[in-house]
Structures are given as structure tokens and as C-alpha cells.
Amino acid sequence: MRRLELATRYGDVHVEATGFVDASGDAALVWQAGFACREPANGPVFGTQMVILENIDESKQPTREEIGARMKEKGDDYGLVRREGLAFIIPGRGVAAMNMTHVETPLDPLEASARTLDGRDQADRAVAFLRREFPGCFGKSRVRAYGFPGIRQTRWIVGRQQLTVDDVRAGTRFPDAIARTAWPIELHDHGTGHHWHTFPEDHVHYVPLGSLTPADADNVVAAGRCIDADNAALSSVRVMGPCIAMGAAAAHALDLAGTGSVHQIDLGALASRVYDNVERTD
């Protein structure tokens with residue numbers, strides 16, 4: 001790949017470079033360039049429509065378990081799709097971020113817009129549920145803002161190596177490891193809930209460079225939720241910390257490759273550069 005042709009509101013833009021990082025989340029660069037990509041094989045991975053609520057009473061906040069149990073019990077009465085959820089309270093502010101919805105996140109732009117409207121409808125029903133079922137905390141709350149739909153997994157590259165859930169569970173240490181994390185398997189593959197599988201306290205799993213590098217491209221590296229991994233494995237490495245580490249590794253890999261191939265860089269030199277994200281313990 002040598003050049004991108006982009007359409008903006010101000011006109012067409014051409015960008016030339018010796019290397020590219022696909023941090024689009026949807027593998028948009030790799031897909032548009034004609035390289036192979038994957039999509040979830042067993043149905044969609046659901047996203048979330050977040051809502052910021054204000055004017056809540058923090059002293060009467062229900063627990064996550066109480067909210068989930070009531071959602072399971074009364075969900076049909078309010079037309080709730082998701083049957084478990086949680087509130088992120090900002091202490092002292094009377095404000096909470098609510099994570100109580102599941103929405104499809106299609107790649108077609110018109111369908112994505114339609115699903116955004118569906119997500120807001122779900123969010124409104126969830127807020128009505130909170131106000132009526134937990135009036136002490138949420139009875140006087142109001143919506144401050146709807147966030148953009150939170151997208152978890154849509155389309156990802158076919159890399160030189162695919163990270164698997166077995167690798168994650170085993171904590172496989174790869175020769176080309178560029179990031180590590182201990183995040184649980186967090187797979188939102190059904191509308192009513194999600195899989196949340198935690199690991200022992202000393203568990204760590206790793207992300208290999210091979211999962212960031214499209215197999216057929218020499219100067220492209222992916223970073224974030226569009227690297228190559230199976231559904232469950234991707235759900236455990238697409239969170240903020242490892243995504244930041246992937247971005248750093250992608251930049252270093254392209255720098256080491258220069259005008260050559262990212263598939264042939266000095267892995268020892270890369271390991272030295274990403275030491276803090278893989279080895280450091282203090």
C-alpha cells in the first residue's frame with residue numbers, strides 16, 4: 001500500500017506514506033484496500049448505548065447485583081433487551097454513566113444509524129426502569145447526554161497469526177509478544193447478557209505482533225479491536241490498556257521496517273522498544 005484516497009467535507013485528500021496503521025476499529029483501511037478480513041461467525045457482537053444520568057442520590061445507590069436481579073424480574077414490563085447492567089457513579093457529582101443496553105452495530109451506514117435510534121429507545125426504557133424500580137436513587141434523575149453507540153467487535157483483519165481463546169486461557173507467551181493484559185473474557189454475543197469469565201489473580205495473557213499484521217500486506221499494522229483473534233479472545237484484548245500498547249507497537253514495527261516488510265523486522269529490537277508493555281513489573 002502506498003497511497004490513500006480519502007473523501008472529506010472539504011474535498012478529496014490523497015495521503016502517501018511508507019507505512020499505515022489501521023486503528024479504525026472496523027478494519028476499514030484493510031478492507032478498503034482489498035485485503036482479507038473476518039466478521040463474527042455466529043451472529044453479531046452487541047454494542048452498548050451509554051447514558052449519562054444526573055441528579056441521582058448516591059447515598060441510595062443499588063448494587064450491581066440488585067439492578068441485575070430486578071432487570072431479570074421486571075425486564076418484560078419495561079421492554080428491556082439486556083437483563084443485566086451497571087452504573088458507574090462519579091462520587092460527589094450526583095452523576096452516573098449507565099451501561100444497560102445491547103444494540104447491534106452493523107457496518108452498513110444506514111443500518112448503523114437505525115440501530116443508533118434503537119439504542120436510544122432502549123436507553124430510555126432502561127432509565128424509566130431505574131426511576132420506577134429504584135426511586136430513592138434515580139427517582140429524580142434526568143438524562144444529561146446520550147453517548148455514541150459503544151462498538152465492541154465488528155470486522156477484523158486476517159493476520160499472520162490468529163489469537164485464540166485457548167491462547168488467552170493458557171497465557172501463551174509468544175516470541176513476538178507486544179502487549180499483555182489480564183482482562184476477563186467479556187463476550188457480548190447475546191442480547192440479554194454477556195459472558196464474563198475471570199482469571200486467577202496471577203494470570204496474564206499476551207498479544208502477538210502476528211495478530212496485528214495483515215498476512216498479505218508488508219507495510220500495514222492494525223491496532224485495537226480490529227486485530228486478528230477469535231470472538232472470545234478478541235473480547236479479552238480489545239479494552240483500553242492493551243489497545244494503547246498495540247498502537248505503540250504498531251508505530252515501532254513500522255519504524256523498524258522502514259521501506260521493508262513488517263513481517264521481517266528484528267523481533268529483538270521490537271521487544272526492547274515495547275519492554276515496558278510486556279515485561280516491566282515495577
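This is a predicted model: local features need pLDDT of at least 70, side-chain atom pairs count only at pLDDT 80 or more; totals for chains, interfaces and linings use all residues.
This short talk walks through the strands, the sheet, a helix pair and the salt bridges of one structure.

Residues are numbered from 1 along each chain as its sequence is written, and side-chain values use heavy atoms, with hydrogens and water left out.

Let me start with the strands, which, like the helices, are DSSP runs numbered from the N terminus (helices are H or I with at least four residues, strands are E with at least two). Strand 1, residues 3–8, pairs with strand 2, residues 11–16, in the antiparallel sense over six bridges, where pairing requires that DSSP finds at least two bridges between the strands. A hairpin of two residues connects strand 1 to strand 2, and Thr-8 has Gly-11 in strand 2 as its bridge partner.

There is also a salt bridge here, by which I mean a side-chain nitrogen of Lys or Arg within 4 Å of a carboxyl oxygen of Asp or Glu. Glu-16 forms one with Arg-3, and their closest N and O atoms are 3.9 Å apart. Because Glu-16 lies in strand 2 and Arg-3 in strand 1, the pair ties together parts that are 13 residues apart in sequence. By this rule, the count comes to 16 salt bridges.

Now to the sheet: four strands form an open, antiparallel sheet in the order 6-7-5-8. Strand 6 (86–90) and strand 8 (142–146) stand at the edges with a single partner strand each, so one side of each is left without a neighbour in the sheet. From one strand to the next, the twist averages 30°. Strand 5, residues 51–54, is joined to strand 7, residues 95–99, by four bridges, and Val-51 has Met-98 as its partner in strand 7. Strand 6 and strand 7 pair over five bridges and form a hairpin with four residues between them, where Gly-92 in the turn has a positive phi of about 80°.

What does helix 3 lie across? Helix 3 lies across strand 5, strand 7 and strand 8, and runs at about 155° to strand 8, with angles taken from 0 to 180 degrees between N-to-C directions and axes fitted to C-alpha atoms, for helices over the stretch in contact.

Finally, helix 2 (residues 64–78) packs with helix 3 (residues 109–133) at an angle of about 115°, their axes being 11 Å apart. That makes helix 2 roughly perpendicular to helix 3, a term for angles of 65 to 115 degrees. Among the residues that meet there are Ile-67 and Met-71 in helix 2, and Ala-128 and Phe-129 in helix 3, contact being heavy atoms within 4.5 Å.

Conventions. Angles under 35 degrees count as roughly parallel, over 145 as roughly antiparallel, 65 to 115 as roughly perpendicular and the rest as oblique.
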